[in-house]
Amino acid sequence: MSMSKFIEQIEKLLLILIMLATLVAVGAEIMHMVEYRTVELSDLLLLFIYAEVMGMLAAYYNSNRIPVTLPLIIAMTALSRMIILQSKELDKIVLIYESGSILLLSIAALIMSIKDKYSLDKLKNRVIRQPD
């Protein structure tokens, strides 16, 4: 077995472990909500993070690449959840820093989306112009 095949197999194993761990975490979070008979915004944001992780894994299996915007969205959601959980004890300057971080991540996601669209359009034009 070549080294690249070995690394590819380890990568697939790690992705399966990440998926299983995410499913366990989703189950634990749902059990927590059922046990306490309450659903808070922070719980929903956590479930959204888990859904995005699973979406990122699905995107990797479909295309063998992870779109850069997905981790950025996960980071924005995680920061939003952190702000909600700490909002009562938060110093105002920390809130500004965390909000600024979300803004920077959203700008980065926008730039990456525009870049991806531009790259795809460029690739399509190159394929169309090729002579038979």
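Thr77 is buried, with a relative accessible area of 8%; buried means under 20% relative accessible area, exposed over 50%, and partly exposed in between, with a 1.4 Å probe and protein chains only. This residue, Thr77, sits in helix 3, which covers residues 69-86. Leaving aside neighbours within four places in sequence, Thr77 is in contact with Leu45, Phe48 and Ile49, where contact means heavy atoms within 4.5 Å.

Before going further, a word on the basis of these values. This is a predicted model, in which local features need pLDDT of at least 70 and side-chain atom pairs count only at pLDDT 80 or more, while totals for chains, interfaces and linings use all residues. Residues are numbered from 1 along each chain as its sequence is written, and side-chain values use heavy atoms, with hydrogens and water left out.

Confidence is given by pLDDT, the predictor's confidence in each residue, from 0 to 100. The protein chain has a mean pLDDT of 88, and 93% of its residues reach 70 or more.

I turn to the overall fold. The protein chain contains 4 helices and 0 strands, in the order α-α-α-α along the sequence. Helices (H or I, at least four residues) and strands (E, at least two) are DSSP runs, numbered from the N terminus.

What are the dimensions of the C-alpha trace along its principal axes? The trace spans about 65 × 40 × 25 Å. The radius of gyration of the protein chain is 20 Å, whereas a compact globule of 132 residues would have one near 14 Å; the radius is taken over C-alpha atoms, and the globule rule is 2.2 Å times the number of residues to the power 0.38.

Of the 132 residues, 23% count as buried. Among contacts with a separation of 6 or more, 59% are between residues 24 or more positions apart.

Finally, consider Met19, which is placed in helix 1. Is Met19 buried or partly exposed? Met19 counts as partly exposed because its relative accessibility is 25%. Not counting residues up to four places away in sequence, Met19 touches Met54 and Leu57. The C-alpha atoms of Met19 and Tyr50 are separated by 9.4 Å, and these two residues are 31 residues apart along the chain.
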